[in-house]
Amino acid sequence: MVPAQSVRCEDIAQHPDFRRLDTIRGLAIDLRYAGPHNFVGHDLYGALDCAWLHVRAAEGLERAVAHLHGAAPDLRLVVLDALRPHRVQVQLWNHLADSGLRRYVADPARGSIHSFGLALDVTLLDAAGRELDMGSAFDEMNERSHPRLEGEHLASGVLSRAQWERRERLRGAMAAGGFNGIDHEWWHFDMLDREHVRRHFVRVD
């Protein structure tokens with residue numbers, strides 16, 4: 001799908017539709033594709049500055065941060081991925097060829113909502129800055145990561161009550177910001193309907 005408009009990542013600082021993550025107070029930032037701690041095993045962003053969101057998502061994230069601070073002031077949101085240029089999405093898709101795991105990565109032919117700055121990967125930090133145990137790690141591509149299976153996982157003991165409650169806390173904060181979760185990744189949240197985004201918003205290439 002060809003987007004209505006596109007902008008190169010190198011030019012995003014001059015585009016009025018985008019806002020830097022570090023302008024959001026109280027937010028931690030740890031972009032995993034800007035280093036080796038991801039499922040590919042190396043830095044995918046290089047010199048690209050990907051610490052951005054569309055202004056709509058940034059405003060929502062601000063609300064989520066405020067909600068979490070009010071509900072659980074000892075916790076903090078940390079962003080693990082935000083804007084992901086389309087060229088990087090192609091790399092992720094190609095990396096998973098023949099793996100059977102491509103359902104965890106949007107087909108670049110359709111476009112990832114990350115590439116429009118309207119999707120986020122997030123988790124929670126404790127007061128000491130440590131990630132909370134959510135029952136599976138970020139980008140762990142198996143059924144332990146699936147929110148739609150959490151009832152089964154609780155019943156079988158795959159997921160503890162504490163791990164589920166932490167996921168619920170995260171979902172509650174993101175919902176307060178206007179984000180929606182997805183079925184198979186507890187860390188991923190979208191702003192707005194995906195098809196609407198693909199048709200009407202600017203993609204970062």
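## Valine 78 and its strand pairing

In this predicted model, valine 78 stands opposite threonine 123, a residue of strand β6. The strands β5, covering residues 76–81, and β6, covering residues 119–125, run antiparallel and are joined by five bridges.

## The open sheet

Strands β5 and β6 belong to an open sheet of five strands, in which the order is β3-β5-β6-β8-β7 and the pairing is mixed. At the edges lie β3, residues 28–29, and β7, residues 179–181, each of which pairs on one side only.

## Helices packed on the sheet

Helix α4, formed by residues 161–176, lies across β5, β6, β7 and β8, and runs at about 130° to β6.

Serine 145 is placed in the loop that lies between β6 and helix α3, the latter spanning residues 150–156. Because its relative accessibility is 0%, serine 145 counts as buried, the cut-off for that class being under 20%.

The side chain of serine 145 makes a polar contact, at 2.8 Å, with the side chain of serine 136. When residues up to four places away in sequence are not counted, serine 145 touches Ser136, Ala137, Glu140, Arg167, His184, Glu185, Trp186 and Trp187.

How values were computed
Residues numbered from 1 in each chain as written. Predicted model: local features only at pLDDT ≥ 70, side-chain atom pairs only at ≥ 80, totals over all residues. Heavy atoms only, no water. Pairing = 2+ DSSP bridges. Helix = DSSP H or I, 4+ residues; strand = E, 2+ residues; numbered from the N terminus. Contact = heavy atoms within 4.5 Å. Axes fitted to C-alpha atoms, helices over the stretch in contact; angles between N-to-C directions. Buried < 20%, exposed > 50% of the residue type's maximum accessible area, 1.4 Å probe, protein only. Polar contact = N/O pair within 3.5 Å; in protein donor to acceptor, adjacent residues only side chain to side chain.
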